[in-house]
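I opened my notebook to go through this model piece by piece. Here is what I looked up, in the order I got to it.

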Amino acid sequence: RRPEFLRPQGPKAFTRGVTSTRMPAVYMNGLLMGETRELVRIPIETIKEIRYLDEVDAQQKFGLGNVAGAIVVTTKY
């Protein structure tokens, strides 16, 4: 089953003629990987921990622009 924090939440935003849903940014070992679709690139056996940070915590840790929060992945290596 897919965790709730990976599902789009809230209303869709309308930007420059394109409708988009806010998605949390993905960070691995402190580095920005991109959007949630990047999670499939991480081998499951290398994952130590996955945490979700809300908007406030994500912006405090990684700076402005994380309006949908962040998924923080820590690997074993």
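**Salt bridges**

I began with Glu38, which pairs with Arg41 in a salt bridge, closest N and O atoms 3.0 Å apart; the term asks for a side-chain nitrogen of Lys or Arg within 4 Å of a carboxyl oxygen of Asp or Glu. I noted that this is a predicted model, where local features need pLDDT of at least 70 and side-chain atom pairs count only at pLDDT 80 or more, while totals for chains, interfaces and linings use all residues. Residues are numbered from 1 along each chain as its sequence is written, and side-chain values use heavy atoms, with hydrogens and water left out.

Is Glu38 buried or exposed? I found Glu38 buried because its relative accessibility is 15%, the cut-offs being under 20% for buried, over 50% for exposed and partly exposed in between (1.4 Å probe, protein chains only).

The structure holds three salt bridges. Another joins Glu35 and Arg37 at 3.0 Å, N to O; I have Glu35 as partly exposed at 41% and Arg37 as exposed at 59%. Arg51 and Glu49 also form one, with closest N and O atoms 3.8 Å apart.

**Nonpolar core**

Next I checked the largest nonpolar core, which has six residues: Ala25, Tyr27, Leu53, Ala58, Ala70 and Val72. Such a core is a set of buried Ala, Val, Leu, Ile, Met, Phe, Trp, Tyr and Cys residues joined through side-chain atoms within 4.5 Å.
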